[in-house]
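Here is a walk through a few local features of this protein, from a loop to a helix and a sheet. Have the sequence and the 3D view open as you read.

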Amino acid sequence: MAKIDFYETLGVAKGADEKELKSAFRKMAMRYHPDKNPGDAAAEVKFKEVNEAYEILKDPQKRAAYDRYGHAAFEHGGMGGMGGGGFGAGGFGAGGFSDIFEDIFGEMMGGGRQRRSSGGRERGADLRYNMEISLEEAFAGKTAQIRVPTSISCDVCSGSGAKPGSKPQTCGTCQGAGRVRAAQGFFSIERTCPTCQGRGTIIPDPCTKCHGHGRVTEERSLSVNIPSGIEDGTRIRLAGEGEAGLRGGPAGDLYIFLSVKPHEIFQRDGADLHCSVPISMTAAALGGTFDVSTLDGTKSRVSVPEGTQNGRQFRLKGKGMPVLRSTQVGDLYIQIQIETPQKLTKRQRELLKEFEEISSKENNPESTGFFARMKEFFEG
């Protein structure tokens, strides 16, 4: 039966570069790998075809010969036959198939050789702690005490997992490598050792307190420094304060995720603060002053000029939030909201009607101008 074109097998164009070839090979190989298709003979055949195609096309000389002569270039001993770089005894070069396997399937099989750890020690997991603070605490900073349930190193076996007086032994199945090889057709497949679970060691006499894990669960009290000016969503990392590693491995990290509670008066925008202040209609018309309490514990006086309109802003420089790890400070913006009088008495109504009767266009320039423009628009 005629062989399928190598480029077609990998699903790439004839002019594909090395990066495209490798990407296509990785995708196809993972799709048809025997471990993902147990007992599927068709997938195994396809997997062999994909490997054969990539082995030829990744080599510039073999690829040139294939482009010129096709499959005939590798028949009857051409280019050294399959023993010169195919699936025979000398296949896949000096490193063998395992080198390609490690390169392509390292992540799928647990990270390959780089993931092995000496003596079965494994790094502990990172932990997350959610903390909510007030805007005042974000302004001033604080030192917070938190309690975190986590795994710590066992004090009986010092994290080794072995009963005092004994020690872990090299795994007899993988001889300490943490991985074992198994022949599967033409290939030698490497897997995590089922006896030691990839650690390379076993504990014949485990510690009675931690049961061989090298760590126990306990609640710890930690001190967390919250710097002044911290923003909502900031993450603080406490190195080595996470979960203890297995069998004496390094501890993970603890990440504090901060959220700042909404404030009843102030709204934050970066380093600036905003505040809406309601004032009476007469205060806006006649002018006046009022005091505003700020987060630094002081009071600032705001002067409202005569004829102030609704929505006008006043800026208090340096009365906002401190900038994290800086000497700079934001500003406080006061926005005026003019309050319309409610539940008027008879006398108040009379006074307002009298005021309305004696008012002129100069008293209400914006409304007068608006209705004038509207009239002009609709009358053409």
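Setting aside neighbours within four places in sequence, L344 is in contact with R349 and L352, where contact means heavy atoms within 4.5 Å. L344 sits in the loop between strand 15 and helix 8 (346-358). Helices (H or I, at least four residues) and strands (E, at least two) are DSSP runs, numbered from the N terminus.

A quick word on ground rules: this is a predicted model, so local features need pLDDT of at least 70 and side-chain atom pairs count only at pLDDT 80 or more, while totals for chains, interfaces and linings use all residues. Residues are numbered from 1 along each chain as its sequence is written, and side-chain values use heavy atoms, with hydrogens and water left out.

How exposed is L344? It counts as partly exposed, at 26% relative accessibility. The scale goes like this: buried is under 20% relative accessible area, exposed is over 50%, and partly exposed is in between (1.4 Å probe, protein chains only).

K343 lies in that loop between strand 15 and helix 8 too. Most residues other than glycine have a negative phi. K343 has a positive one, and so does H211, in the loop between strand 6 (201-202) and strand 7 (215-226).

| Residue | Phi | Relative accessible area |
|---|---|---|
| K343 | near 50° | 82%, exposed |
| H211 | about 60° | 58%, exposed |

Now for helix 4 (residues 60-69). Which of its residues are buried? They are K62, R63, A65 and Y66. These cover an arc of only 160° around the axis, so they fall on the same side of helix 4; the arc is taken from the directions from the helix axis to the C-beta atoms. Their cover includes helix 1 (6-10), helix 2 (18-32) and helix 3 (41-57). On the other side, P60, Q61 and R68 are exposed. At the start of helix 4, a side-chain oxygen of D59 comes to within 2.9 Å of the backbone nitrogen of Q61. After the helix comes G70, with a positive phi near 75°.

Four strands make an open sheet with mixed pairing, in the order 10-11-15-14. Strand 10 (267-269) and strand 14 (313-316) are the edge strands, each pairing on one side only. Two strands pair if DSSP finds at least two bridges between them. Strand 14 and strand 15 (residues 332-339) pair in the antiparallel sense over four bridges, and Q313 has Q335 of strand 15 as its bridge partner.

Notes. A polar contact is a pair of N or O atoms within 3.5 Å; within protein, one must be able to donate a hydrogen and the other to accept it, and residues adjacent in sequence count only if both atoms are side-chain atoms.
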